Amino acid sequence: MNNLIPFRTLVVKEIYRFVRIWPQTLLPPAITTTLYFLIFGKLMGDRIGTINGASYMDYIVPGIILMSVISHAYSNVVSSFYSTKFQRNIEELIVAPVPNWVILAGYVSGGVMRGLLVGVVVGLIAMLFADLSIHSLLITVSMAILTATLFALAGFINAVLAESFDDISIIPNFVLTPLSYLGGVFYSVSMLPGIWQSISMGNPILYMVNAFRYGFIGISDIDIQLSFLMTGGFVVLLTLFSLYLLHKGTGIKQ
Amino acid sequence: MKALSIHNLKKTYRNGFEALKGIDLDVETGDFFALLGPNGAGKSTAIGIISSLVNASSGSVSIFGHDLFKERSKAKSCIGLVPQEINFNQFDTVKSILLNQAGYYGTPRKLAMQRTEQCLKQMDLWDKRDTISRRLSGGMKRRVMIARAMVHAPKLLILDEPTAGVDIEIRRSMWKMMEEVNQQGTTIILTTHYLEEAESLCRNIAIIDQGRIVEHSDMKSLLARLNVDHFVLDLAQPLLAAPELDGFKIEQIGDKILDVAVPKESGLNELFKQLSERQIQVLSLKNKTNRLEQLFMDLVDSKTGRASS
């Protein structure tokens, strides 16, 4: 069977889903990040001055864009796949001759598309507040795609293992949000006292934010190669784990 | 070629419940086959395994010659499933439900559009194609499920209690649709609690109980085994007690109503002869129970050692 057709069907369905409910999916990040740029970037940033030679506004813009990409890539897949499970229309896919990797690729692609679209929306809003420049388009785009893929995969695993709607809100609220805020979005890790610097190095989001920021303004606290290696490594690990869960039928088969 | 061939299929759930204890089942191509059994007998588990929704513990399943566990994709392509419960996305339009389903089966877009139109027209749903599915009536939702299962032109259509909870008018129109689909060459496996449905539609039958096949034969020979018919007689005059007739078991269930068990070898003529001799005038009679229902109860009770109620 031609697997391109079921893959395209799934991706189109996923994109249509988040575009159809744009007031829930695309509008909130636009409003939230406008407030970030206004309060942190404009009002407070003017008093903070520069970080590593960049204005505070220029420094925080990449982190805020990537934070939006992370949360929306994750929430798209976790809510879509869990709803599919909850309504039992996942059975449509299980009964059909769709290979597990196509199911995974379809949902993850939908999450990546939403993450990137939200990233573009936030980037456009950022242009109202800062003169955005791109130091390396390749690094910016590839890190955005890798990060969106990683968190779409994480959302997929969360949805597969979740048994209630509470289970799909625990990780975003208690893990993703704290890690994002502590991932060097609003500050340089070099501004932290010694022990907190070491603790921060255990936060994977720090690596992604710094690589993404490097793509914009050429400044990073972290080695870029290490960031790509780590993010890519996590993508491979989570892909294999997701395929294992689908193969076992965890959460979707008896 | 056999549409479905199951050999020694077993399923034990994680909690230790043995839902299937090694069943063997063959369904011929083009058949209209009934799979019956009481609640919890193992019907849904068997259908779940055939449609890949449940993992088998052991055994083999072959669909049109393709081993379900070794040639999964080819085997799955042959099947269309109408599950018991509504399981399509209730926020999608009727048309998009079918188009997505066709896409999952690798049907090219142009052909998918043609098949969607054809199936929706066959199910009398074409004028509802752009309606959000949750706004449809219960009967329409059932028909959407059948249309969805047929959109990729499956060779084997499995209907798991497709008419549960729908009114008699819709049920009869669905029977007609199922007969048409079968006449067009699609093999159908039907599970149902309406035994008259199985009796009027199906040519072959298997009865499953407590994880075992207790009967597997053609409908005619199964019904031929039934040697007693129950009739309810409406009388012209009230009776004080049920009359005693030779060769007939009679129960009075009202002043002017009798329940009579008529053995095939005696027949209705003998019954009316004896009633006439006792000046008992009958205004009308009706068959008390569905014949298959009687057989079903007898088989399930005798082969599992349960006392007949």
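Domain bounds here come from an automatic or database domain assignment. On that basis, chain B splits into domain 1 (2–223) and domain 2 (226–304), and the C-alpha centres of these two domains of chain B sit 38 Å apart. This is a predicted model, where local features need pLDDT of at least 70, side-chain atom pairs count only at pLDDT 80 or more, and totals for chains, interfaces and linings use all residues. Residues are numbered from 1 along each chain as its sequence is written, while chains are lettered from A and ligands numbered from 1 in the order in which they are written.

**Chain A overall**

- Chain A has 11 helices and two strands (helices are DSSP runs of H or I with at least four residues, strands are runs of E with at least two, and both are numbered from the N terminus).
- Reading from the N terminus, the elements of chain A go α-α-α-β-β-α-α-α-α-α-α-α-α.
- A compact globule of 254 residues would have a radius of gyration near 18 Å, and chain A agrees with its 19 Å (taken over C-alpha atoms; the globule rule is 2.2 Å times the number of residues to the power 0.38).
- Along the principal axes, the C-alpha atoms of chain A fill a box of roughly 60 × 35 × 35 Å.
- Buried residues account for 47% of the 254 in chain A (buried means that 20 or more other C-beta atoms, placed from the backbone, lie within 10 Å of the residue's own).
- Take the contacts in chain A between residues at least 6 apart in sequence: 82% of them join residues at least 24 apart (a contact means C-beta atoms, placed from the backbone, within 7 Å).

**A sheet in chain B**

- Four strands of chain B make an open antiparallel sheet in the order 2-1-4-5 (strands pair if DSSP finds at least two bridges between them).
- Strand 2 (18–28) and strand 5 (66–67) of chain B are at the edges with a single partner strand each, so one side of each has no neighbour in the sheet.
- Strand 4 (residues 58–63) of chain B is joined to strand 5 of chain B by two bridges, and the two run antiparallel.
- Within that stretch, Ile63(B) stands opposite His66(B) of strand 5.

**Where the chains meet**

- On the chain B side, 26 residues are in contact with 20 residues of chain A.
- Helix 2 (72–77), strand 6 (79–82) and helix 3 (94–104) of chain B each supply at least two residues of that side.
- Helix 3 of chain B gives the largest share, four residues.

Key:
Contact = placed C-beta atoms within 7 Å. Buried ≥ 20, exposed ≤ 12 C-beta atoms within 10 Å, placed from the backbone.
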